[in-house]
Amino acid sequence: MDANLAVRATGISKYFGDVIALDRVDLAVVGGRIHGLVGPNGAGKTTLLGLLLGLTVADTGTLEVLGTRVGRALAAPEGVAGFVEGPGLYPALTARQNLAALVSLRGENPRKAGIGEALHDVGLTDVADDRVRGFSLGMRQRLGLAAALLTKPRLLVLDEPANGLDPAGKKHVHGVLTRLAAEGTAVVLSSHRMDDVEALCTEVTILATGQVVFSGPLAELSDENSDLDYRLRTSDPESAREVAARTPGIHLIDVPDPELVVVRTLVPALDDLVVRLVHAGIAVRELAPLVSPLEAAFLALTDQPEATR
Ligand code: ATP
């Protein structure tokens, strides 16, 4: 196994009765990278994360985690931390007591475990001595992440870590994950939020009905699907529409907002359009993809109906 590969899954299949949750899945996760797992509901993301955490075993294929072949035993491989479907916490204990209990269970000294730092990292210092019973979903997610941090994982596995997070919570979580990756930890996370995946991940795997439909660098995905819809706001939308209609390679899309021009095109024709607008004395005030390259690829590769856009 490549020394820097935290995960290498080859031909992994997993059945639940007649349902095939994972269908000959290959996955490579490099140390020090944040790898996003996306796909529609029921695509197999949680099942795959569960395999990495040792919560379930594959029916076929081979899985190597942190250099060790995962066997048939249900146990978290050494150096792996994380959670699926929400962290396991004790509601009657405070946040600090929860972390201390987890540390004690591992036979370590809670005083030396860095509990205060972990709570600070996820932004829970102010509620450290509050009972978890009263915590929101976002606070529980952050406490789950703090618990995982205490084990100093080399592979961190998170199912929908951004679920329920407010903007401040998201900033803390993004900061922690980025720092961990910079220190060499591999992070695998699932998300339905394409903006989060784009902000955090360098690699992405798209699953659809248990099969990998794309796996690789995010940048590659943008290149393959560069024919996008762009929103354009200018100083003179009517004239801009006329210029766009005369520009080769530009397809105008009808939209109800008269102030907005939407064009479907490739990047070179878009560049040409901007130059023509400027020559015509029309100022460009906003130019951005209507949906992100990842979202466009996700919808195309997973066969999502138009109505979901
Ligand atoms: P979501 O985005 O909705 O969380 P997911 O991508 O995480 O979905 P999984 O939860 O991995 O998808 O489920 C994949 C498939 O396996 C689904 O068809 C699901 O119904 C099925 N499945 C998952 N776990 C079980 C189980 N314990 N028993 C039976 N079927 C299961």
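Mentor: Let's start with the layout: the centres of domain 1 and domain 2, taken over C-alpha atoms, are 41 Å apart. Keep in mind that this is a predicted model. Domain 1 covers 2-221 and domain 2 covers 228-291, going by the domain assignment. The C-alpha trace spans about 70 × 45 × 35 Å along its principal axes, and the secondary structure comes to 10 helices and 14 strands.

Now for the charges. The protein carries 29 positive and 39 negative side chains, with 8 Å between the centres of the two sets. Side chains of opposite charge can pair when their charged atoms come close. Here that gives 13 salt bridges, so let's look at some of them.

Take glutamate 64 and arginine 8, whose side chains meet at 3.5 Å, N to O. Glutamate 64 belongs to strand β4 (residues 60-65) and arginine 8 to strand β1 (residues 5-16), so you're looking at a link between distant parts of the chain, 56 residues apart. Glutamate 64 counts as buried because its relative accessibility is 17%, under the 20% cut-off. Arginine 8, at 31%, is partly exposed.

Next, find arginine 179 and aspartate 121, which form a salt bridge at 3.2 Å, N to O. This pair joins helices: arginine 179 is in α5 (residues 167-182) and aspartate 121 in α3 (residues 115-121), 58 residues apart. Arginine 179 is partly exposed, with a relative accessible area of 33%, and aspartate 121 is partly exposed too, with 23%.

Then move on to aspartate 257 and arginine 233, a salt bridge at 3.5 Å, N to O. Aspartate 257 sits in the loop between β12 (251-253) and β13 (260-265), while arginine 233 is in strand β11 (residues 228-234), so the pair ties together parts 24 residues apart in sequence. Aspartate 257 is partly exposed at 29% relative accessibility, and arginine 233 is partly exposed at 26%. Both residues also belong to a salt-bridge network, made up of Arg231, Arg233, Asp257 and Glu286.

While you're there, have a look at proline 237, in helix α8 (residues 237-246). Proline 237 is buried, with a relative accessible area of 11%. Beyond its neighbours within four places in sequence, proline 237 is in contact with Pro258, Glu259 and Val261.

To finish, zoom back out: of the contacts with a separation of 6 or more, 67% are between residues 24 or more positions apart.

Note on methods: Residues are numbered from 1 along each chain as its sequence is written. This is a predicted model: local features need pLDDT of at least 70, side-chain atom pairs count only at pLDDT 80 or more; totals for chains, interfaces and linings use all residues. Side-chain values use heavy atoms; hydrogens and water are left out. Domain bounds come from an automatic or database domain assignment. Helices (H or I, at least four residues) and strands (E, at least two) are DSSP runs, numbered from the N terminus. Contact means heavy atoms within 4.5 Å. Lys and Arg count as positive and Asp and Glu as negative; His and the chain ends are not counted. The place of a charge is taken as NZ of Lys, CZ of Arg, CG of Asp or CD of Glu. Buried means under 20% relative accessible area, exposed over 50%, partly exposed in between (1.4 Å probe, protein chains only). A salt bridge is a side-chain nitrogen of Lys or Arg within 4 Å of a carboxyl oxygen of Asp or Glu.
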